[in-house]
Structures are given as structure tokens and as C-alpha cells.
Amino acid sequence: MLKDPRIHKFRKMLAEAPNYEVWKAAALELDFLEGNTEWKEDFASEHYHYELIYDRLSNIKQYRQQNDFERLKRALREGLHHDLGNMGNPLLYTHSRVGTKHLIEEYIAQACEALDFLCDHPVPGFPVADKLQFFRDTLTSYGRPTLLLSGGASLGMFHFGVIKALWEKGLLPQVITGSSIGAIIAGMLGVHTDAEIPDMLVPENHNLKAWKWRGLLSAMRGDGLMDQEQLRACLRTNIGEYTFEEAYERTGRSINMSVSPVQTHQKARLLSGYTSPYLLVWSGALASAAVPGIFPPVTLMKKDIHGQVLPYMSRLKFVDGSVVSDLPIDRLRHLYDVNFTIVSQTNPHVVPFLNERGLDEKLSIANLPLHLLKTEMQFHGQGVFDYLRKRVRPELLRQISGQMYTIMAQRYSGDVTIAPTYSFKHYRRMLANPEPEFVREMILAGERATWPKISMIRSHARISKTLERCVRRLKQQNRRSAADLRMINTAVSPGP
């Protein structure tokens, strides 16, 4: 049987798509030609509890049709659980390029519509203050997604493409975390409002001169191969003089940055509005990007009560966050009730070991020998470097052993992992100032790598994003109600 020639045409269109609309159109045509449409229409599958999803959907529809607000509230408050019935199972997103089972998509759509209705319409016996508490509690119970941006030097420009693709589909998480170049981009995103994101994605709007060679003698003195003052100026231009607290107040985004300690009696830190509200964002990014040997350790800077800039814990210095904690997932779960992680992974020592789906290699009969070999090498490698980092001398070798141990011990993927495909030309540009054209090339690469993941991300994140938006709207309503009440009280108060 001859293959339909249209399949080749749409696959080529898919690979060369300049935007999501073109990509989606080609993907839908391929889904139809390859028989995936029928699979999506059939509710049944062994990969999720479709009867449970159907029952929940039926209840939401029934309560809305009957205007039974009390039962609708209860159904949403007790029934919304992340990954309900395993509807986020990755296997449900491998049959088609766009979407998954229509039952899952309809359930998510109806749940979000019901949440928006309760948020935005008057409901008897459900004042704004009670609504706000309801949505806050439901969000805490349900959890939220986070976007983690890895290290990768100039190759991290790829992160901008991931951000653009998620933002355009309304799926950009409120919690953004970065290490090294990922911290720099997280900092830039964290000080730009949604309305400013299009300008942020224009390379010509930024200072791209981060690298300035100092030489081997400088590195041997401990001052680094590259000029840190050049990087500092670059970051201050692109990020501004905001603290973590000020950035959150401006954009509503929670920025997080991993930094690694130089001192042996300190642990890795996650800088954020919770843990270091008065710290300058550019200072955290500078420390997280201080790759040992390339840049010297950094003293963090903060604003005091008068807005003056001064050192934060002047006795301590910090370096590249990706050395110890490239993806601080456990800490994020504790701070933000994170239930789903989207990782943009650009580390050059990691990307070649991710499979084509951007995930750690799945265990199967075919790849069992390779999996066992990889596991054994990792286990014994960690053991060797753990021994060396605790006992070896001189100090330089001990530090290198410590870094190798932490690199091998880390996890570098998330629930969804988005990664580029590298060629030799990419490695040559790692430590070079990126030209605007290269940035645009990496942005498009980031978008194209993200588009196939949109359906799975939407299934995991859309309800969380709806809850977050409802909380923001209700906070504004609550403030307006309080302001109106104050005006009324002032108007009726007797004069002196």
C-alpha cells in the first residue's frame, strides 16, 4: 500500500512552520490522514480512568444547567484534583499531535468555564470575600505548574522560545525558576508584565554583550576567564534595579534562582520573594551565572530600608546554581504547592543524553542493556566522586570532584522536558555574545520544540491557570469593595 503523498507534504510543513497556527494546521491534517481523529473521539482507553472523568463532567454540566450553585461549588471544591483519573498520562499524548481524548478536553473546558462563572457572576450567599477564600483554598489543594529554565550559557536563548510559545497559549506559569543563564532569563521575565513580553522577545531591545574574554592568567588568579563587570552591566541593563519583592509586585510572577555556596558549611539556596525579598534580582542572576573558572564567586546585593544598595551576608559568596541544583523541584513543591514541572533543558552536557521526546530514556526490552549500563556508570561514578570530594587533596581537585558528584547526582528532566537539538555550530557559540539573528533562530527552535507539548501542558496546567486568574480578579474586586466602603463611611460620617 502506497503512503499518501500528502503525509510527506504536511510533515515538511510541520518541520518548517514559522508559527503555531501553521504548525497546528499541519498537525491536524496529519492526525486525520494517520487515523488519529477516531482515537480521540473514543472515550475508552486503558491509560486513564475515563468512567471517573465522565461522571465528574456529567455532574458539572448538570449543576450548571440547573443553576444549582451549592452543588456546583462542592463538586469543584472537592472534585478538582490534579491529574484526576490519570488524565495527564504521557501515553495519552503520543497518539496524536494535537489534543488527546475529547472527553479529557471537554472535562477541562467545562471545569474552567464553571470556575470562571462562579468567579465573575453574582451567586446568592457567596460574597466576594468568601469567593476569594474558596478559590485560594482550591488552588492550594489543586497545586500549580512551574517553568524551570536550565543552564546552558548562550544556548539558553532557546528558553525565550519556550516562554513565547507558552505565553501565546495562556499557559506560562506564574512560578518561574532558573539556574545560570536560566536565572538571567527568569529575572528578565520576572520584571516584565504580560503587556511587555512582546518587547522582551525582541533581541534588539536588550544588551547582548555578556561575554568579555580576560584570559588564562586571570582564570589562574581566580578572577575567571571572563570579565564579570561586563556581565554585571549586561544584567543591570536587562533586568533593572528591582528586588525580588518589587518584581513580584510589578508583574505577579514569582522568580526563583538557584545559587551554590563556595563555603563548605553552607547549602545551596533558592533565592525568591519568599526567601530573599529585598535581594536585587540582577545580583541573584549574577551569582547563579558565576560558573566556576569562568566567573569568580559573587557577593549578593540587597536594598536596605532606605533603598540603598549594600551587601547581603557579606561573608558569603555564591556561584553557578546549576552546579548543585539545576532544577530545585523539591524546594518549589514546598514553597508553591507545585504539582507539575515544565523544564526547558539546554545544558550542553545533558541534552545529548535526552531522548527525542525530551525525557529520560524509558525502560523497555530494547533499551534494557543500555539502561543497565547507564545506571551502573552513574551509581559507581557518584561513589567515586563522593569519595574524592570528601578526602582528596589538593583543594582544586576536591572542588572539581564535588562538582562532578553533584552533576551526576542531579535530575535534569521534569514532567514535561523541552530540549533543543544541537549541532557542532551550537557548541562553538556557547561562550560567545549572541547576535540578534542567532537569538531569533534559538527562539524559533524553542517554539518548535514546545508546540508538540502544548496539549499535554494544557491538560496539566489549564485548571491551575484558571484558578490563579480567578484569585487575581477577586483580589481586585475585594480591594474595590473595601475602597467603596471607605468612601461611603467617609461620606456619612458627621463633621467635626
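**Annotated positions and cysteines in the predicted model**

Asp320 touches Ser180, Ser260, Ala287, Ser288, Ala290, Val291 and Pro292, leaving aside residues up to four places away in sequence, where contact denotes heavy atoms within 4.5 Å. The model is predicted, so that local features need pLDDT of at least 70 and side-chain atom pairs count only at pLDDT 80 or more, while totals for chains, interfaces and linings use all residues. Residues are numbered from 1 along each chain as its sequence is written, and side-chain values use heavy atoms, with hydrogens and water left out.

In an unreviewed UniProt entry, the annotation "active site" covers Ser180 and Asp320. Although these are spread over 141 residues of sequence, they cluster in space, with a largest C-alpha distance of 5.7 Å. The side chains of Asp320 and Ser180 are joined by a polar contact of 3.4 Å. Asp320 is placed in strand S7 (residues 318-320), whereas Ser180 lies in the loop between strand S2 (175-178) and helix H9 (181-190); helices (H or I, at least four residues) and strands (E, at least two) are DSSP runs numbered from the N terminus. Asp320 counts as buried because its relative accessibility is 5%, and Ser180 counts as buried at 7%, the term meaning under 20% relative accessible area with a 1.4 Å probe and protein chains only.

A search of the whole structure finds zero disulfides, a disulfide being a pair of cysteine sulfur atoms within 2.5 Å. The sulfur of Cys470 is 3.8 Å from the closest cysteine sulfur, in Cys119, which is too far for a bond, and Cys470 is buried at 0% relative accessibility.

Note on methods:
UniProt positions renumbered as here; feature names shortened; annotations may be inferred. Buried < 20%, exposed > 50% of the residue type's maximum accessible area, 1.4 Å probe, protein only. Polar contact = N/O pair within 3.5 Å; in protein donor to acceptor, adjacent residues only side chain to side chain.
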